[in-house]
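Here is a short report on one protein chain.

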Amino acid sequence: MTVDHKLCMIPGPIEFHEDVLNAMATPACSHVDPTFIPIFGECIELVRKAFLTSGQPFIICGSGTLGWDMTAANLVEAGEEVLVCNTGYFGDRFGECFETYGAKVTHVRCPIGNATAVEDVAKALESKTFKLVSITQVDTSTGVLNRVKEITKLVKEKSPNTLVAVDGVCSIGAEELRMDEWGVDVALTASQKALGVPPGLAVLAASKKAIEAFQNRSTPVPNYYANWTRWLPIMNAYESRKPAYFATPAVQLVKALHVALKQLTGRGMDNVFEAHRVASKKFKDTLESWGLKLVPTSRDVAANTMTAVYYPEGIAATDLLPKISAHGVVAAGGLHVEIAPKYFRLGHMSISVLEQERGHLDTTLKAVENALKENSYNF
Ligand SMILES: *Cc1c(COP(=O)(O)O)cnc(C)c1O
């Protein structure tokens with residue numbers, strides 16, 4: 001790490017482990033090299049462990065957004081109904097992605113800082129039959145944690161054929177998500193969030209039911225690159241340690257993912273979930289003890305991977321963020337259009353939480369405290 005490196009404490013990309021970075025600083029390697037095939041194969045197996053599923057993983061070069069395209073293009077056909085549990089910016093965008101493939105999208109919205117009300121989902125499910133319900137587990141624009149377990153249970157009871165897709169881009173690998181136990185059909189994330197790998201990989205897992213829905217489509221998948229018809233044989237080949245090619249995998253990123261997933265699953269997912277709960281509570285307690293107000297309306301619906309917090313009265317983004325940066329920490333501004341200038345965001349995932357001896361969280365809180373002091377904030 002260079003001396004002038006500022007800690008990247010935004011909700012992704014997050015700070016990366018040296019061993020993960022070193023896995024990328026490796027010489028050219030064929031994507032069908034006999035040393036690479038088992039690494040990719042093991043990544044597929046490790047994704048199952050991290051997502052707590054026996055389903056089908058897809059590890060594909062692209063960002064988290066490619067996970068949306070894979071979900072919408074492969075599982076929803078033009079004219080079909082989709083319900084989006086919308087808690088902010090990323091719900092809007094996932095909805096747009098479904099519409100791109102001709103889906104009819106209904107949004108269940110809630111006031112900013114709230115989680116989707118389970119009763120509202122129940123009402124929506126009574127109004128029509130949905131092919132798929134999407135849930136953003138942590139909307140990175142509000143720092144709200146949605147009730148994935150409760151909503152999925154409800155969908156399974158009221159509409160057993162409906163698929164449940166979870167956008168876990170700011171949650172998987174940190175926030176509790178039990179894909180099989182909860183009945184989630186699609187869970188997707190991106191390498192640069194809680195998985196702790198540089199940006200460039202979309203990582204998704206699909207349940208047996210989701211794969212069947214894909215196989216039973218009546219129309220072809222209206223996408224070239226995101227088409228599972230092309231990727232399923234590739235994933236199966238790598239898993240059975242055989243060479244295959246459709247489009248070149250990001251060899252070095254897959255090597256980095258391999259290191260990160262071994263570290264993560266080696267800790268035990270229950271320990272990982274609990275560590276994020278504990279660290280998040282302490283982090284939020286400190287900010288609140290200074291009189292700052294969180295964007296989530298209560299701790300019950302606050303994410304454990306990040307914190308969205310309002311600027312104090314009279315202090316603007318331009319007053320605070322450059323000062324936090326001057327203390328060596330990069331924070332993110334607001335993203336939700338309706339409140340963007342009023343709040344900022346800090347991520348706390350992966351090594352920042354799991355290896356606290358690195359001091360990332362303390363350094364971040366100290367930087368915020370100092371930046372507030374320099375704005376004559378009255379603690
Ligand atoms: C970051 C993020 C995305 C988008 O991922 P990209 O890698 O930027 O494409 C989608 N959903 C959520 C909840 C996110 O936090």
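**The chain as a whole**

The chain holds 14 helices and 14 strands. Keep in mind that this is a predicted model.

How does the radius of gyration of the chain compare with that of a compact globule? A compact globule of 379 residues would have a radius of gyration near 21 Å. The chain has 21 Å, so the two agree. The C-alpha trace spans about 65 × 55 × 30 Å along its principal axes.

Now look at burial. Of the 379 residues in the chain, 59% are buried.

**The cavity**

Where might empty space remain? Rolling a probe the size of a water molecule over the atoms shows where empty space is left. A search of the whole structure, for cavities of 30 Å³ or more, finds 1. The largest cavity contains about 60 Å³ of space.

Which residues lie nearest the centre of the largest cavity? They are Phe40, Ile59, Ile60, Cys61 and Pro249, and the lining has 13 residues in total. Two elements, β2 (56-61) and α9 (228-239), each supply at least two residues of this lining. The most comes from α9, which gives 4 residues.

What classes of residue line the largest cavity? The lining has 13 nonpolar residues, with no polar and no charged ones.

**The cysteines**

How many disulfides does a search of the whole structure find? The number is 0. A disulfide needs two cysteine sulfur atoms within 2.5 Å. Cys97 does not come within that reach: its sulfur is 16 Å from the closest cysteine sulfur, in Cys85, so the gap is too far for a bond. Cys170 is in no disulfide either, and its nearest cysteine sulfur, that of Cys8, is 12 Å away.

Are Cys97 and Cys170 buried or exposed? Buried means under 20% relative accessible area. Cys97 has 9% relative accessibility, so Cys97 counts as buried. Cys170 has 1%, so Cys170 counts as buried too.

Key: Residues are numbered from 1 along each chain as its sequence is written. This is a predicted model: local features need pLDDT of at least 70, side-chain atom pairs count only at pLDDT 80 or more; totals for chains, interfaces and linings use all residues. Side-chain values use heavy atoms; hydrogens and water are left out. On a 1 Å grid over the protein atoms alone, a cavity is a set of points where a 1.4 Å probe fits but cannot get out, and a pocket is an open set with protein on both sides within 12 Å along at least five of seven lines; lining residues have an atom within 4 Å of a point. Grid points are joined across faces, edges and corners, and a volume is the space filled by probe spheres set on the points. Ala, Val, Leu, Ile, Met, Phe, Trp, Tyr, Cys and Pro count as nonpolar, Asp, Glu, Lys and Arg as charged, and the others, Gly among them, as polar. Buried means under 20% relative accessible area, exposed over 50%, partly exposed in between (1.4 Å probe, protein chains only). The radius of gyration is taken over C-alpha atoms; the globule rule is 2.2 Å times the number of residues to the power 0.38.
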